[in-house]
Structure formats: structure tokens, C-alpha cells
Amino acid sequence: GYIDKAGKLVINPQFDGAYPFSEGLAGVRVGGKCGFIDKAGKLVINPQFDDAGSFNGGLASATLGGIVGYIDKTGRYVWKSQ
């Protein structure tokens, strides 16, 4: 889960892993897959990736089935290895 700067719980613990927010989204791990939530705790990119990095410049690295690439904030690959 997540707390605010005052230590108040703002997103209930519900994930197997939770990572810092970057550009309004945070990576979370659910059932062994990575996805992203918004600051309200709503999944905006469903957990589907084997691994994922933080957003920077509107893109985040993402790995799925050995394919490495970059996704946009909708979860769509904008570039990926062959």
C-alpha cells in the first residue's frame, strides 16, 4: 500500500509488490506480473508484464516473455526488441 507525507494510509495494502510513483503512476506486482496504478489506487495498466520500470518521459521499460521494450501510459508497446 501507500501512505502520504503525513503517514496517512491512502492506498490500502493489496499488492505483492509496490514501487514509487513516477509521472503519476506507480508500478505494482500482482500474482507475479507487473502493472501500474494511478494515485487513487486504480489499475490503469493491468498486471501483464514479467518486469517493468518507472515512467520517465512518458515511457517505461517493460519485459514480457523475453521481449524487452518501452510502453506508453496506456500499456501499449511503442518500441520492442524482436
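**Close-up views of a predicted model**

View 1. Aspartate 72 is buried, with a relative accessible area of 15%; here buried means under 20%, exposed means over 50%, and partly exposed is anything in between, using a 1.4 Å probe and counting protein chains only. The model is predicted, so local features are given for pLDDT of at least 70 and side-chain atom pairs only at pLDDT 80 or more, whereas totals for chains, interfaces and linings use all residues. Residues are numbered from 1 along each chain as its sequence is written, and side-chain values rest on heavy atoms, with hydrogens and water left out. The side chain of aspartate 72 meets that of arginine 76 in a salt bridge, 3.5 Å from N to O; the term means a side-chain nitrogen of Lys or Arg within 4 Å of a carboxyl oxygen of Asp or Glu. Arginine 76, for its part, is exposed, at 51% relative accessible area.

**View 2**

View 3. Strand β3 covers residues 17-22 and strand β4 covers residues 25-30; strands are DSSP runs (E, at least two residues) numbered from the N terminus. The two strands pair in the antiparallel sense over four bridges, where pairing calls for at least two DSSP bridges.

**View 4. Serine 22 beside phenylalanine 55.** Serine 22 belongs to β3, and its side chain reaches the backbone oxygen of phenylalanine 55 at 2.5 Å. Beyond its neighbours within four places in sequence, serine 22 is in contact (heavy atoms within 4.5 Å) with Ser54 and Phe55.

**View 5. Arginine 29 and aspartate 51.** Arginine 29 lies in β4 and aspartate 51 in β7 (residues 51-52), so the pair ties together parts that are 22 residues apart in sequence. Aspartate 51 counts as partly exposed, at 43% relative accessibility.

**View 6. The open sheet from β7 to β10.** Follow the four strands in the order β7-β8-β9-β10, with antiparallel pairing. β7 and β10 stand at the edges with a single partner strand each, so one side of each has no neighbour in the sheet. Three bridges join β9 to β10, and glycine 69 has lysine 80 in β10 as its bridge partner.

**View 7. A nonpolar surface patch.** Leu59, Tyr70, Val78 and Trp79 make a patch of about 380 Å². Patch members have over 30% relative accessible area and no salt bridge; nonpolar side chains (Val, Leu, Ile, Met, Phe, Trp, Tyr) are joined within 5 Å, and like charges within 9 Å. Valine 78 lies in β10 (residues 77-80) and is partly exposed, with a relative accessible area of 41%.

Conventions: Polar contact = N/O pair within 3.5 Å; in protein donor to acceptor, adjacent residues only side chain to side chain. Areas by Shrake-Rupley, 256 points an atom, 1.4 Å probe, with all protein chains shown as cover.
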